Amino acid sequence: MSKRVIVMDVDGTLATSQKEISPRTKNALIKAQEQGDLIILASGRPTSGLLDFAKDLLMDSYQGLLVSYNGSKVVNAKTHEVLFDQTLSIEQAKAVLQHLKKFRLIPMVDKDDYLYVHDVFQGYIDFQGQPFNVIEYESRGGKFKLCEQDDLAEFVDFPMNKIIVAGDPDYLQENYQAMMAPFKDSLNCVFTGPFYFEFTAKGIDKAKALDTVLRPLGYNSQDVIAFGDRHNDMTMLDYAGIGVAMGNAVPEVKAMANHTTASNDEDGIAKFLDNL
């Protein structure tokens, strides 16, 4: 197939540090769609947190795809048809949330329009030497209303696409192995940012989601150009025929990517596509 599939992580990749798409990058991606390329956003964000970006890129006109929750859900940007959806079971979710009570963390789960937390007033972590309200950050990014629950493990009675926990970056590095220990063989457990650690169903990642939905559309991995910056992007960069690390990517991503481009604040995606 001559047409390309252009897949991008959002935070740290497509979006600038101001959480916007730069004009140059926007124009490059709209032009690609006009030429017949398929655009896919692949993020740890919930689907609701991708819709504005998709609209900005006119993906609803070109039927682009939205890979959300680190690959556990795929939605058509135009029709909102769900093409893939693999959730945690209720039993798995309860077990994770119960285990995480042992740690100094902020667990968050979403359902419909709400993000559920233990205490909306205890949302601060230490990030880059400054207090950072991670509950506000997550709720605004996903466009969620907030709701408190005294015990999230008792509360969850529904399957969910992921469980996200936030914490001080140093604390997460010191404790993530203990956090994931009971689930390392039954769930997918991964860092999605310096202050985020997430749990999804076993075998779920961005590459799995891409392969599941692209093959029926007539594409294969060699048609894919993928851009990313964090550990949860590594599977899709490895899957893609061309895997591109952003200039701001963590060292592990740069080491395994085929190419490195400029940073998300320097139009890295547009510059790489222009060079092609």
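## A tour of helices, strands and cores

In α1, the buried residues are Thr25, Ala28, Leu29, Ile30, Ala32 and Gln33. Keep in mind as you look around that this is a predicted model.

**Helix α1**
- Helix α1 covers residues 23–34, and at 1.5 Å a residue its twelve residues should span 16 Å; the C-alpha atoms at its ends are 16 Å apart, so the expectation and the model agree.
- What do the buried residues of α1 pack against? Their partners are β1 (5–8), β2 (38–42), α2 (51–56), α3 (59–62) and α11 (268–275).
- Just after α1 comes Gly36, with a positive phi of about 105 degrees.

**Helix α7**
- Helix α7 is made of twelve residues, 169–180, which should span 16 Å at 1.5 Å a residue; its end C-alpha atoms are 16 Å apart, which agrees.
- Pro169, Tyr171, Leu172, Asn175, Met179 and Met180 are the buried residues of α7.
- Looking down the axis of α7, you find these buried residues within an arc of 130 degrees, so they line one face of the helix.
- Which residues are exposed on the other side of α7? They are Asp170, Glu174 and Gln177.

**Strand β6 and its partners**
- Strand β6 (residues 106–111) is mostly covered, with five of its six residues buried.
- With β11, strand β6 pairs in the antiparallel sense over three bridges; here Pro107 has Val165 as its bridge partner.
- Strand β6 also pairs with β7 (residues 114–117), in the antiparallel sense and over three bridges; in β7, Leu115 is the bridge partner of Asp110.
- The hairpin of β6 and β7 has two residues between the strands, and in this hairpin Asp112 takes a positive phi near 55 degrees.

**The nonpolar cores**
- The largest nonpolar core has 28 residues, and Val5, Val7, Ile40, Leu210, Leu214 and Val224 are those with the most contacts inside it.
- At least two residues of this core come from each of β1, β2, β3 (65–68), α8 (206–214), β14 (224–228) and α9 (234–239).
- Which element gives this core its largest share? That is α8, with five residues.
- Setting aside neighbours within four places in sequence, Leu214 is in contact with Val5, Leu38, Ile40, Tyr219, Val224 and Tyr239.
- Apart from this core lies another, of 26 residues, including Val156, Tyr171, Phe197 and Phe199.

Methods
Residues are numbered from 1 along each chain as its sequence is written. This is a predicted model: local features need pLDDT of at least 70, side-chain atom pairs count only at pLDDT 80 or more; totals for chains, interfaces and linings use all residues. Side-chain values use heavy atoms; hydrogens and water are left out. Helices (H or I, at least four residues) and strands (E, at least two) are DSSP runs, numbered from the N terminus. The expected span of a helix is 1.5 Å times one less than its number of residues. Buried means under 20% relative accessible area, exposed over 50%, partly exposed in between (1.4 Å probe, protein chains only). The arc is that of the directions from the helix axis to the C-beta atoms. Contact means heavy atoms within 4.5 Å. Two strands pair if DSSP finds at least two bridges between them. A nonpolar core is a set of buried Ala, Val, Leu, Ile, Met, Phe, Trp, Tyr and Cys residues joined through side-chain atoms within 4.5 Å.
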